[in-house]
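Student: Can we go through this structure together? I'd like to keep it quick.

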Amino acid sequence: EVRVRVPGSPETIARVAGLDPLIGVALLRVDLPGPIRLETRDDPPRLGEEIRSIGVTSAEQTHMTATVTTGVVSGLHRNGLGWHPIEDYIQTDASLADGFAGGPVVDDEGRLVGMTAGLPFGRHLFVRQAAGIGVAIPVPWIKRSLAWIRAGQPPRPWIGLHLIAADRESRKAAWLGADVR
């Protein structure tokens, strides 16, 4: 169940109209009293530019209190990280706590530049906890994904698995035991 809360309006239940599970984008349908628009920015942020991530930490899930963290863009078009099948990230040093996955990343003018990416593992999605590194999916990927959802489905192959190394660290992170030989 997805609930939407807009200032000045009662909480409303939204319906998931479509989903792109590869990058975690969903199209929601909801009846609101007026149009709500989040301005997007198609051009990527600049290296060193300050950005803000908005999310609800896992510790605050029951109260649903949004948290805002600030950081700078430390990399663009990052790939080869092995965290996700789509690798064209905006890299930031903003602190991204568990629970931030799917949250907006905005510039100083409040324009959307990306969406916090999480690490998919089974039915769970984790924000990768790495020292000073957080990643976001850029707006062009989000717009492309929404266009695919509106058209019926993403036009890319997907067999439903993602391979990761079975080293001691990854097994421990996935609660599979650390006794790798």
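Tutor: We'll take confidence, then charged pairs, then a surface patch.

Tutor: This is a predicted model, so to speak of a local feature we need pLDDT of at least 70, side-chain atom pairs count only at pLDDT 80 or more, and totals for chains, interfaces and linings use all residues. Residues are numbered from 1 along each chain as its sequence is written, and side-chain values use heavy atoms, with hydrogens and water left out.

Student: What pLDDT does the chain average?

Tutor: The average is 77, and 72% of the residues score at least 70. pLDDT is the predictor's confidence in each residue, from 0 to 100. Over residues 120–125 it is below 50. That stretch has 11 contacts in the model beyond near neighbours in sequence; a contact means heavy atoms within 4.5 Å.

Student: New topic. How many salt bridges are there?

Tutor: A search of the whole structure finds 10. A salt bridge is a side-chain nitrogen of Lys or Arg within 4 Å of a carboxyl oxygen of Asp or Glu. One of them joins Arg41 and Asp107, at 3.0 Å from N to O. The two are 66 residues apart, and the pair links distant parts of the chain.

Student: Where does Asp107 lie?

Tutor: In the loop between strand E7 (104–106) and strand E8 (112–116). Strands (E, at least two residues) and helices (H or I, at least four) are DSSP runs, numbered from the N terminus.

Student: Is Asp107 buried or exposed, and why?

Tutor: Asp107 counts as buried because its relative accessible area is 2%. Buried means under 20%, exposed over 50%, and partly exposed in between (1.4 Å probe, protein chains only).

Student: Which residues does Asp107 touch?

Tutor: Arg41, Glu49, Glu50 and Val113, not counting residues up to four places away in sequence. Asp107 also has a salt bridge with Arg111, at 2.8 Å from N to O.

Student: And what about Arg111 and Glu109?

Tutor: Their side chains meet in a salt bridge at 3.8 Å, N to O. Arg111 is buried at 19% relative accessibility, whereas Glu109 is exposed at 64%. Salt bridges that share partners join Arg41, Asp43, Arg46, Glu49, Asp107, Glu109 and Arg111 into one network.

Student: Last one. Which residues make the nonpolar surface patch?

Tutor: Val16, Leu19 and Leu28, covering about 250 Å². Patch residues have over 30% relative accessible area and no salt bridge; like charges are joined within 9 Å, nonpolar side chains (Val, Leu, Ile, Met, Phe, Trp, Tyr) within 5 Å. Leu28 sits in strand E3 (residues 25–29). At 36% relative accessible area, Leu28 is partly exposed.

How values were computed: Areas by Shrake-Rupley, 256 points an atom, 1.4 Å probe, with all protein chains shown as cover.
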